Amino acid sequence: MQHKRENIDERILEKIISVAYNDAGLLDKIKIHLLARKNPDVKKILEEYKRTAIKIKNIPLDECPDSVIESLRIQTRNENKSLFLKPAYIFAIITFIISTIIVVTLNQNNEEKPHYTKAEIELAEKQVKESLAIVNNVFKRTETLIQEEIFPKRIGKPIHKSLSIINEVLIGG
Amino acid sequence: MLEAISYKVLVDRYKNKIFSYALYMVKNRMDAEDVAQEVLIRLWNNMGKFRLPAAGSWIMRTTHNLCIDYLRRNQVMQQRSIFIDEESEERIIDTDKGNRPEIKTQQNITLDRIKAAVQKLPENLKSVFVLYEIEGFKYREISTTLEIPINSVKVYLLRARKKLQEDLKEYATQA
């Protein structure tokens, strides 16, 4: 094989190896297969490398023994427990939650009261007085209407009429 | 909690790759187990210190570095062969149980012969060859893992293939 290789260009040999191991480009594959048809030495070298490549591709990975994983599992499990049960972590989490609640509550209570100018206050007072005067006026009108219109005409009159009818009926009977 | 889940996923995905790589590099099951365990412990201790997409490169780089440390510490281990390991012997003995024992035995011997040839490769060629051909890493990933340029990865891979072919030529012509 060494003798045959001497007759084959080193670059061609590299391409033959790449083709045999199936990681050559399409052009190189075509080139080498055409060359292998013409040159029996190239064909033989290609086949030899292919046979080795197939065997190598079929080598399985060695399985990691269970004992390695088992001892590892025990170690990491112990570390896991200590990580979650450390009092320092629990204390830090509780402190953080409590301080967050306090800060939020204080922020809500300390909301700034609005400031008004004297002119605004006077205007507001004036508007309130006007509103109350309007309401007062409405109440007075309503009182007058009830006393002068509704009671005598709408209530007193029908009652008076009803009593007259009753009197007539009784006297007449 | 999230770290524990990520860790479990990474262990399931890489445990065999770590162990296989270590076995090819240190050539001894017990040492390979030690390396695998050490890598997985370091992975646990360093969870959160690297990006998850880069975990593969981190894991294999750690594996590679630990293997090199092991080899430097104990040069004698380099003389050992994978043929000595108990699994290979058991596989050959157990072939009577199979349908075609002679074929199975031949296959196992061939597989072990190839593995031994891979192990004989120089360290730089072997690391690239195992990562590419057996573990299925890409050129770029190998470049990141071993901290060498991509062109060097390609050159080492080519040299490894040639050297392996030379070592296995008897089998290649017989098969």
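This is a predicted model: local features need pLDDT of at least 70, side-chain atom pairs count only at pLDDT 80 or more; totals for chains, interfaces and linings use all residues.
I would like to start inside chain B, where the buried residues of α3(B) pack against α1 (2-26), α2 (29-45), α6 and α7 of chain B. Residues are numbered from 1 along each chain as its sequence is written, while chains are lettered from A and ligands numbered from 1 in the order in which they are written.

A few terms, then. Helices (H or I, at least four residues) and strands (E, at least two) are DSSP runs, numbered from the N terminus. By buried I mean a residue with 20 or more other C-beta atoms within 10 Å of its own; exposed means 12 or fewer, partly exposed is in between, and the C-beta atoms are placed from the backbone. Two residues are in contact if their C-beta atoms, placed from the backbone in the same way, lie within 7 Å.

With that in hand, chain B has 9 helices and 0 strands. Of its 175 residues, 34% count as buried, and among contacts in chain B with a separation of 6 or more, 66% come from residues 24 or more positions apart.

Let me return to α3(B), which covers residues 55-73. This helix has 19 residues and spans 27 Å from its first C-alpha to its last, close to the expected 27 Å at 1.5 Å a residue, the expected span being 1.5 Å times one less than the number of residues. Its buried residues include W58(B), I59(B), M60(B), H64(B), L66(B) and Y70(B). The 17 residues of α2(B) reach 24 Å between the first and last C-alpha, close to the 24 Å expected, and the buried ones include D31(B) and Q37(B) as well as V35(B), V39(B), L40(B) and L43(B).

How do these two helices meet, at what angle and with their axes how far apart? α2(B) and α3(B) pack at an angle of about 135°, with axes 10 Å apart, where axes are lines fitted to C-alpha atoms, for helices over the stretch in contact, and angles run from 0 to 180 degrees between N-to-C directions. α2(B) is therefore oblique to α3(B), given that angles under 35 degrees count as roughly parallel, over 145 as roughly antiparallel, 65 to 115 as roughly perpendicular and the rest as oblique. The crossing of α2(B) and α3(B) is right-handed, which is to say that the near helix is turned clockwise from the far one by less than a right angle, anticlockwise being left-handed. From α2(B) the contact takes D31(B), V35(B), E38(B), V39(B), R42(B) and L43(B), and from α3(B) it takes I59(B), T62(B), T63(B), L66(B), C67(B) and Y70(B). By class there are 7 nonpolar, 2 polar and 3 charged residues in it, with Ala, Val, Leu, Ile, Met, Phe, Trp, Tyr, Cys and Pro counted as nonpolar, Asp, Glu, Lys and Arg as charged, and the others, Gly among them, as polar.

The second pair is α6(B), residues 123-134, and α7(B), residues 139-146, which pack at about 140° with their axes 10 Å apart. This pair, too, is oblique, and its crossing is right-handed. S127(B), V128(B), L131(B) and Y132(B) of α6(B) meet I142(B), T145(B) and L146(B) of α7(B), a contact with 5 nonpolar, 2 polar and no charged residues.

V153(B), in helix α8 of chain B, touches residues of that pair: leaving aside residues up to four places away in sequence, its partners are V128(B), Y139(B), I142(B), S143(B) and I148(B). V153(B) counts as buried because it has 23 C-beta neighbours inside 10 Å.

Turning to backbone geometry, most residues other than glycine have a negative phi. K27(B), in the loop between α1 and α2 of chain B, has a phi near 60°, and N22(A), in the loop between α2 (10-20) and α3 (26-38) of chain A, has one near 65°. Is each of them buried or exposed? K27(B) is buried, with 23 other C-beta atoms within 10 Å, whereas N22(A) is exposed, with 11.

Finally, the interface: 32 residues of chain B are in contact with 23 residues of chain A. Elements of chain B giving two or more residues to that side are α1, α2, α5 (101-120), α6, α8 (150-167) and α9 (169-174), and α1(B) gives the most, with 10 residues. By class, the side of chain B that touches chain A has 18 nonpolar, 6 polar and 8 charged residues.
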